[in-house]
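Student: I have a model open and want to learn how to read its side-chain features. Can we go through them one at a time?

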Amino acid sequence: LNTAPVPKWALIAVAVAVAVLLLLFLVCVVKCCCSKKKPKKKEKVNLLSVSSSTTAGLVQPEMEDLEPSPEDKKRGKLQYSLEYNLRAQEMKVGVKQAADLKAMDSGGTSDPYVIVYLTSDMKKKYETKVYRKTLNPVFNESFTFQVPQTEVPESTLVMQVYDFNRFAKHDIIGEVRLPLASVNLQRAIEQWSDLAAASKVEQEQLGEVCFSLRYVPSTGKLTVVVVEAKKLKRMDSHGLSDPFVKVHLILNRKKWKKRKTSVKKNTLSPYFNEVFVFEVPFNQIQNVDLVISVWDHDKMTKNEQIGKLFLGCRATGNQLRHWSDMLSNPRRPIAQWHSLQAVDVVDKALGLKTHLKLPLHTR
């Protein structure tokens with residue numbers, strides 16, 4: 001060490017480091033050797049020697065070990081009757097009783113009642129009486145709906161069982177939906193049906209309207225023929241409406257021109273066949289929206305909108321297709337049926353500009 005060309009302390013440090021590394025290597029070797037186990041021989045299982053019940057038990061837990069989801073639990077069943085009077089064009093629905101209803105209250109009971117309506121006229125709904133603290137209520141109530149024979153196949157009878165809550169929102173226990181097209185209404189029926197989970201609220205059917213469009217680029221004339229409407233929503237207490245149609249032109253999201261048809265009394269399927277001609281220059285046709293709205297006329301109160309729709313380059317679906325067909329077939333009238341949409345939905349899509357008065361700044 002005395003004759004080495006490097007300092008003594010450096011040689012000592014290197015020796016210590018080498019010793020530590022050797023010690024760690026020996027520890028790792030000993031640990032691996034001690035923990036190593038002899039490999040087990042592979043075992044072959046003859047599945048043919050195992051019974052089917054045992055095999056099922058290996059891969060499938062017992063049903064009582066599974067926690068059923070709320071949708072899978074029994075909701076009970078409902079007994080009802082149905083009778084259609086062809087001569088009077090009316091349907092009589094009897095809500096008889098319910099059994100084994102799902103308990104909705106903390107005490108293990110419910111306060112059930114039933115709401116009954118037809119999807120063809122969701123504005124008219126009936127309710128039974130509320131029966132306190134029972135899972136087997138007996139209602140024995142009947143309700144009558146005015147339903148034309150032509151609308152019966154397109155309607156669905158809905159009976160929803162609710163749990164009444166005085167200080168909170170009523171909880172739905174379940175419902176029965178009966179498409180009338182699948183029912184033989186030539187005779188009265190009475191039957192039980194299991195309650196199913198309530199479906200999402202269906203979109204209300206507002207009706208359909210048929211009109212034709214024709215545009216002549218050389219003259220800039222847009223011709224709209226309002227032909228007819230059908231299956232309109234009932235707006236009056238006697239189950240009918242007094243419909244008329246408004247035709248609006250919107251230019252650059254601002255109201256521009258408008259026309260309206262005559263009023264047809266006491267009908268849900270009015271026939272108009274009225275023609276309206278608008279002058280729309282060819283350089284503006286891409287910026288125009290055509291709005292068709294169906295209204296119910298009232299003498300004593302304000303007219304109500306049943307539904308509406310709009311066509312133009314900003315439209316979508318059938319409305320855009322109809323508008324495109326008109327533009328690609330100049331001078332040729334293109335007629336098409338359209339389903340009416342909710343007023344607020346169409347107004348939101350149109351996004352009309354409003355004229356707001358700016359506040360005056362005072363010094």
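Student: Which residues form one aromatic cluster?

Tutor: This is a predicted model. In it, Tyr 126, Phe 143 and Phe 145 form one aromatic cluster.

Student: How is a pair of aromatic rings described?

Tutor: By the distance of the centres and the angle of the planes. By this rule the model has 5 aromatic pairs. Take Tyr 126 and Phe 143: their centres are 5.1 Å apart, with 20° between the planes. That pair is stacked, because planes under 30 degrees apart count as stacked.

Student: What parts does that pair tie together?

Tutor: Tyr 126 lies in strand β4, residues 121–127. Phe 143 lies in strand β5, residues 138–146. The pair therefore ties together parts that are 17 residues apart in sequence.

Student: And how are Tyr 126 and Phe 145 arranged, stacked or edge-to-face?

Tutor: Edge-to-face, at 5.1 Å centre to centre and 75° between the planes. This pair also links distant parts of the chain: Tyr 126 is in strand β4 and Phe 145 in strand β5, 19 residues apart.

Student: Is Phe 143 buried or exposed?

Tutor: Buried, because its relative accessibility is 8% and the cut-off for buried is under 20%. Phe 145 is buried too, at 3%. Tyr 126 has 23%, so it counts as partly exposed.

Student: Next, charges and rings. Which ring does the charged end of Lys 77 sit over?

Tutor: The ring of Trp 192. The charged end is 5.2 Å from the ring centre. Another case is Lys 230, which lies over the face of Trp 337 at 4.5 Å from the ring centre.

Student: How many disulfides are there?

Tutor: First the idea: a disulfide is a covalent bond between the sulfur atoms of two cysteines. Here the count is 0.

Student: What is the accessibility of Cys 210?

Tutor: Its relative accessible area is 9%, so Cys 210 is buried. Cys 313 is partly exposed, because its relative accessibility is 36%.

Student: Let's finish with a loop residue. Where is Thr 267 found?

Tutor: In the loop between β12 (254–260) and β13 (271–279). Thr 267 counts as buried, because its relative accessibility is 18%.

Student: What does the side chain of Thr 267 reach?

Tutor: The backbone nitrogen of Ser 269, at 3.0 Å. Leaving aside residues up to four places away in sequence, Thr 267 touches Leu 240, Ser 241 and Pro 243.

Technical notes. Residues are numbered from 1 along each chain as its sequence is written. This is a predicted model: local features need pLDDT of at least 70, side-chain atom pairs count only at pLDDT 80 or more; totals for chains, interfaces and linings use all residues. Side-chain values use heavy atoms; hydrogens and water are left out. Rings of Phe, Tyr and Trp (its six-membered ring) pair if their centres lie within 6.5 Å; planes under 30 degrees apart count as stacked, over 60 as edge-to-face and the rest as tilted. Helices (H or I, at least four residues) and strands (E, at least two) are DSSP runs, numbered from the N terminus. Buried means under 20% relative accessible area, exposed over 50%, partly exposed in between (1.4 Å probe, protein chains only). A charge sits over a ring if NZ of Lys or CZ of Arg is within 6 Å of the ring centre and within 35 degrees of the ring normal. A disulfide is a pair of cysteine sulfur atoms within 2.5 Å. A polar contact is a pair of N or O atoms within 3.5 Å; within protein, one must be able to donate a hydrogen and the other to accept it, and residues adjacent in sequence count only if both atoms are side-chain atoms. Contact means heavy atoms within 4.5 Å.
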